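Have a look at it with me before reading on.

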Amino acid sequence: EIHDFKSCGAAVRRILESDGRFDATYNEDDISVFENGGLDPYDVLVFFYTLGELATSRKNGLLEWVASGKGFVGVHSAADSFRDCPEYRAMLGGHFATHPRYRDYQVTVSDPDHPITKDLVEVEPPEFFVKDEMYVTSYDERNSVLARALWKDGTVPVAWVKPWGQGRVFWLALGHDAAACGHEMFARLLVRGTIWAATPPQEK
């Protein structure tokens, strides 16, 4: 397995349920829920997945559901899912390109005014360290990048938001494995991002 989705999924579920504001349904490795209105009861989908293929009916079901005004939260390898589906990549806002070795690296908040990152940390400039697998992505420059990390001669996004129709998309690069999902900042960003994505635009 490329990613330990079972342990990461359990960590994500534990974080959201312990927050107390979510009524979470856990689905392990069954994307048939994307079609035939399977997502209709929900406000937001938190997605940790790697590779895979997306049949047309499932692709349309997912993308139309988000565009109707729902939320999509992509965690880490969501950017390395459905490589043969350009529509999914467009919805997410980018896709995996490469990664350096698993290591400690610094994350800097680049948009301190967004609800997801406002007052995220109590230091100035707003930055923190994680031990994780840094994802280097090819991404849409129209995305609103909330946090970045240094990479070679520039930076790479660690978190971004973007619209998809009437829906809201949040992608978080952190969370390669259970240990990374145990980082306080992973939990804080996941909860804030999920709340933001699940909130209709007029209520923000």
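My entries follow, in the order in which I looked things up.

**Ground rules.** I am working with a predicted model, in which local features need pLDDT of at least 70 and side-chain atom pairs count only at pLDDT 80 or more, while totals for chains, interfaces and linings use all residues. I number residues from 1 along each chain as its sequence is written, and side-chain values use heavy atoms, with hydrogens and water left out.

**Confidence.** I checked pLDDT (the predictor's confidence in each residue, from 0 to 100) to start with. The protein chain has a mean of 92, and 96% of its residues reach 70 or more. Helices (H or I, at least four residues) and strands (E, at least two) are DSSP runs numbered from the N terminus. Confidence is lowest in helix 1 (residues 5-19), with a mean of 89, and highest in strand 9 (residues 167-172), at 98.

**The core.** Which residues have the most contacts inside the largest nonpolar core? I found Phe47, Leu62, Phe72 and Tyr88, in a core of 63 residues. By nonpolar core I mean buried Ala, Val, Leu, Ile, Met, Phe, Trp, Tyr and Cys residues joined through side-chain atoms within 4.5 Å. Buried is under 20% relative accessible area, exposed over 50%, and partly exposed in between (1.4 Å probe, protein chains only). Helix 5 (residues 184-198) gives the most to this core, namely seven residues. I also listed what Phe72 touches (contact is heavy atoms within 4.5 Å): beyond four places in sequence, its partners include Phe47, Leu62, Tyr88, Arg168, Phe170 and Ala197.

**Helix 2.** Lys59, Leu62, Leu63, Trp65 and Val66 are its buried residues. They line one face of helix 2, because they fall within an arc of 160° seen down its axis (the arc of the directions from the helix axis to the C-beta atoms). Thr56 and Glu64 are exposed on the face turned away from that buried side. I noted strand 1 (44-47), strand 2 (71-75), helix 3 (86-92), strand 8 (154-164) and strand 9 among what covers the buried residues. After helix 2 comes Gly69, with a positive phi near 125°.

**Trp65.** This residue lies in helix 2 and has a relative accessible area of 4%, so I count Trp65 as buried. Leaving aside neighbours within four places, its contacts include Leu39, Tyr42, Val44, Asn60 and Lys70. From Trp65 to Asp84 I noted 19 residues in sequence and 20 Å in space, C-alpha to C-alpha.

**Ile15.** I found Ile15 in helix 1, buried at a relative accessible area of 12%. Ile15 and Gly182 are 167 residues apart in sequence, and 9.0 Å apart in space, C-alpha to C-alpha.

**Cysteines.** How many disulfides does a search of the whole structure find? I got zero, a disulfide being a pair of cysteine sulfur atoms within 2.5 Å. For Cys8, the nearest cysteine sulfur is that of Cys181, 3.9 Å away. Cys8 is buried at 0% relative accessible area, and Cys85 is buried at 5%.
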